[in-house]
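These are my notebook entries on a single chain, written while going through its coordinates. I took the topics in turn and recorded what I looked up under each.

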Amino acid sequence: MHDPHAALRDDVRLLGGLLGDTLRAREGDAFFERVEEVRAIAKRAHEGERGQFDRLADLLRGLPLASAVPVARAFAHFLTLANIAEQHHRVRRRREYARAPERQPQPGSCEETFPRLLASGVEPSALAAAVAALRIELVLTAHPTEIARRTSMQAQRRIADTLAVRDRTDLTTAERDGAIETLRREIAIVWQTDEGRNRPVTPLDEVRAGLVVFEQSLWDALPQYLRMLDRALGASTGEALALDAAPMTFGSWIGGDRDGNPTVTPEVTRQATWLARWMAAHLYLGEVIALRRELSLASASEELRARVPDAPEPYRALLRGVVARLEATREHARAQLEAPPAPIGDGPAPLVAVSELAAPLRLCHRSLVETHNEVIAAGRLTDILRRVAAFGLTLARLDIRQESSRHAEAVSWIARQRGLGPYADAAEEQRVAIALRALEDGIAPLTDREIEAAPDAVRDVLETCRTIAALDAESLGAYVITMARRASDVLAVELLQRLAGVQRPIRVVPLFETADDLQAAGDVLDALLNLPWYRDRIGGRVEVMVGYSDSAKDAGRFAAAWALYGAQEQIVAACRRRGVAVTLFHGRGGSIGRGGGPTYLAIQSQPPGSVDGTLRVTEQGEMIQAKFGLIDIATRTLEVYTTATLDAVLMPAADPDRAWRETMDRLFEESRRAYRAVVHEDPRFLEYFRTATPEPELRAINIGSRPARRSAGGGVAALRAIPWQFAWTQTRLLLASWLGIETALECAHARGETAQLHEMYARWPFFRSTLDLMEMVLAKADARIAAEYDRRLTPPDLQPLGEDLRSRLARAAAAVLEVTGHRELVESNRVLRRSIDTRNPYVDPINLVQIELLNRLRQAPDSPELRRAFAITVNGIAAGMRNTG
């Protein structure tokens, strides 16, 4: 019987063996044998052999740090190599699906989904219309706990490419040996490369890193995905995908997200847009130069010949001008990045609007079709035009994000200066009235003198809005308001744009985050949509963002899931009452505790009617590499977003039964109460968190540009959701992802609702996906490792709290299994189960070394050597857990 994962195991063994050869060659036989000894003990400990875990801990604790840290680093490198092999295996499996005779299409592919939808009663015309109406935007964000350096990621990409070469069946012996030597060389390079950063990360570093994914994969993946979509659409409906179709576009927060990050200044935002324009021009230039070489044809339409009369090679003549303008565009973007920006020189004008690039390319396409050269038109030219439709001249439009209180502070100051009335202490009705009156009366923009006189915090907000006014509208996406709570929060940003002289105001998107704010979101939308000025402003469609991270930190992941479900229902209902369409923007993180998880599952579990073919979703940090780092995986990711959205639009799930809702309401309250009783109300918790996890130390290593806290002090509430999750992931307790569910489900079982929970799990996609994600995170947790952090780092008076939390972890696992009917966690996902079981023996030694490092760091917090060593363990654990925050 064919084992579909045998090749993966072979790759992991090969890479592990080559790493072992490198360790032996570079560090000596004694070091290699020590690593092997640690590996053997860790494996026996995980197989349940008595006393082996304590033996492992004693062995690593007894080693000098100069010996223990390289051991941890060796295990971290193995886990990274295993990740590369798994990523490549996903590509391999996708290709196996595509070429197998009499095959079943890959689940979630267009080839599988479209015939299934038609077989379920969807009309071909309805499917074609739904595809044409798709508007999915993936918004890339910088990750404050992004671990891998760009240098390391590039090396990992080369290793994956070499694994792909080895899969070829026509390799000669010399070529196969050469591939092995290439892998050996790359592993040796990576082992001798410092994974840590020697300086703090700046926002512009993050912008450049974010653009790499476009250059290395998305640039090629997008046309590949659209060709696949076009083929499947044609086979199922007879319709072709329009040349300017853009079912998938991209946005970015990198360089525009200033919420709690003082390093994101107006100048950073300006440079971020020009860096994106430089990269876009650079990528288009390579494509158009190649296209010009290809189109040596002499025959052309009269329309094209009229543009380049007497040219023997009309396409090349026309495209010469396009090349010149792209070169000018790239040079202009480079000049704008200088300080101060250089003026535009003589020569061809840089491209400003995307239509200037699209027009001559469309002319070439029309001419080729008119002269019966459709097969040529369908090649590189079509790919470029589809890129133009999706990427524009900026690759990704930049969102601006800031916290609502900063806008209120700015409007309050302006209201005092302009005599608009008391704003800061006004009730909501008065705030709305002040803002509306100013907007409707056409308030004059602020003068330079007024802005210069503003307090620093207010001036930063005003200068940001002036930056919006100065930038081309095609560079910008939305203005997202963090911690939005009321209608005046939205009107304040509209007013600030007016005061800054923004000629084409960008759309304003409220972000509802805490459980209470999510529950009030529908009422806020009602209040906004009751305002005629606002309805005129939005033009029939409103965008609303729901935040998964802060809601989970506030109420616990399980309670937050229901709060998010209810908020989306209320937002959709409010918009329907007014006849307004809504785009929901999902602020999902990478980890399950921050709304992460499999894409298809996430979209399918949304409330019926909440996905109308338009969708925005954040893609964060290390998940960008996981989902888009390789071209074929990026193509698969785009495809799954497409098919999941079409499924939700054309075959929406039924509304949940009333009894299920009532049960979920009770589970919500019980889960939230249990979570908050520990995290927000137990006076011991904050000190426990800071001693039992590496959260304080994470702030000191050069990971991301954003501070870990929105403000100084403030306890858990002030801590950002990402380092909150990250800290618990490092200790393997993963508390932030499951706490509260143990009490809620136990209460339901005690009430005799077990049978109903079984029914909900079997029939309700939302409930099933939520519990499946809980199962996934519980399977990754390890109470034994978490207990070691407690034993070595936590004061004795706080250790009972840790014991209680580990007891709750066991109760959560038992309660979830009772509902799912599984005998062990994630038993229905054997690939994941095997991956966890394989990884854990390699992660354990890294955790144990990290504990010793934390113990020493807390005695010598300024030691650069200890910090560097600590960063190595952080990197390794993140690799083993497959995500960070």
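Which strands does helix H21 lie across, and at about what angle does H21 run to S5? I found H21, residues 515-529, lying across strand S5 (507-512) and strand S6 (541-547). Its direction makes about 145° with that of S5. I note at the outset that the model is predicted.

**Entry 1: the barrel**

I next looked up the sheet to which these strands belong. I recorded a closed barrel of 8 strands in the order S1-S2-S3-S4-S5-S6-S7-S8, with parallel pairing. On average, neighbouring strands of this sheet are turned by 25° against each other, direction ignored.

I then examined the pairing between S1 and S8. Strand S1 (residues 135-141) and strand S8 (residues 614-620) are parallel and share 7 bridges. Within this pairing, Arg135 stands opposite Thr614, and Leu138 has Val617 as its bridge partner. I also checked strand S7 (residues 581-587), which runs parallel to S8 and is joined to S8 by 2 bridges. Here Phe585 is the residue opposite Arg616.

**Entry 2: the two sides of S8**

I asked how many residues of S8 are buried. The count is 7 of its 7 residues. In a regular strand, side chains alternate between the two faces of the sheet. I sorted S8 accordingly: Thr614, Arg616, Thr618 and Gln620 point one way, whereas Leu615, Val617 and Glu619 point the other way, and all are buried.

**Entry 3: nonpolar cores**

The largest nonpolar core has 284 residues. I listed those with the most contacts inside this core: Phe214, Phe250, Phe685, Trp724, Trp738 and Phe767. A second, separate core has 8 residues, among them Val139, Val480, Leu511 and Phe585.

I looked up the volume of the second largest pocket and noted about 820 Å³. Its lining comprises 36 residues, and those closest to the pocket centre are Glu137, Thr249, Arg397, Arg507 and Glu543. Several elements each give two or more residues to the lining, including S1, strand S2 (248-252), strand S4 (476-482), S5, S6 and S8. Helices H15 (380-391) and H22 (532-538) also belong to that list. H15 provides the largest share, 4 residues.

**Entry 4: helix H34**

In helix H34 (residues 741-750), I recorded Ile741, Glu742, Thr743, Ala744, Leu745 and Ala748 as the buried residues. I then asked what covers these buried residues. The cover includes helices H24 (557-577), H28 (658-679), H33 (735-738), H35 (754-763), H36 (765-780) and H38 (799-820). Just after H34, I noted a positive phi of about 80° at Gly752.

**Entry 5: Arg61**

Is Arg61 buried or partly exposed? Arg61 counts as partly exposed because its relative accessibility is 27%, while buried means under 20% and exposed over 50%. Setting aside neighbours within four places in sequence, I found Arg61 in contact with Glu788, Arg791, Arg792 and Glu852. I also recorded 9.1 Å between the C-alpha atoms of Arg61 and Ile851, residues that are 790 residues apart along the chain.

How values were computed:
Residues numbered from 1 in each chain as written. Predicted model: local features only at pLDDT ≥ 70, side-chain atom pairs only at ≥ 80, totals over all residues. Heavy atoms only, no water. Pairing = 2+ DSSP bridges. Axes fitted to C-alpha atoms, helices over the stretch in contact; angles between N-to-C directions. Contact = heavy atoms within 4.5 Å. Core = buried A, V, L, I, M, F, W, Y, C linked by side-chain atoms within 4.5 Å. Buried < 20%, exposed > 50% of the residue type's maximum accessible area, 1.4 Å probe, protein only. 1 Å grid on protein atoms, 1.4 Å probe; cavity = no way out; pocket = protein on both sides within 12 Å on 5 of 7 lines; lining within 4 Å. Points joined across faces, edges and corners; volume = space filled by probe spheres on them.
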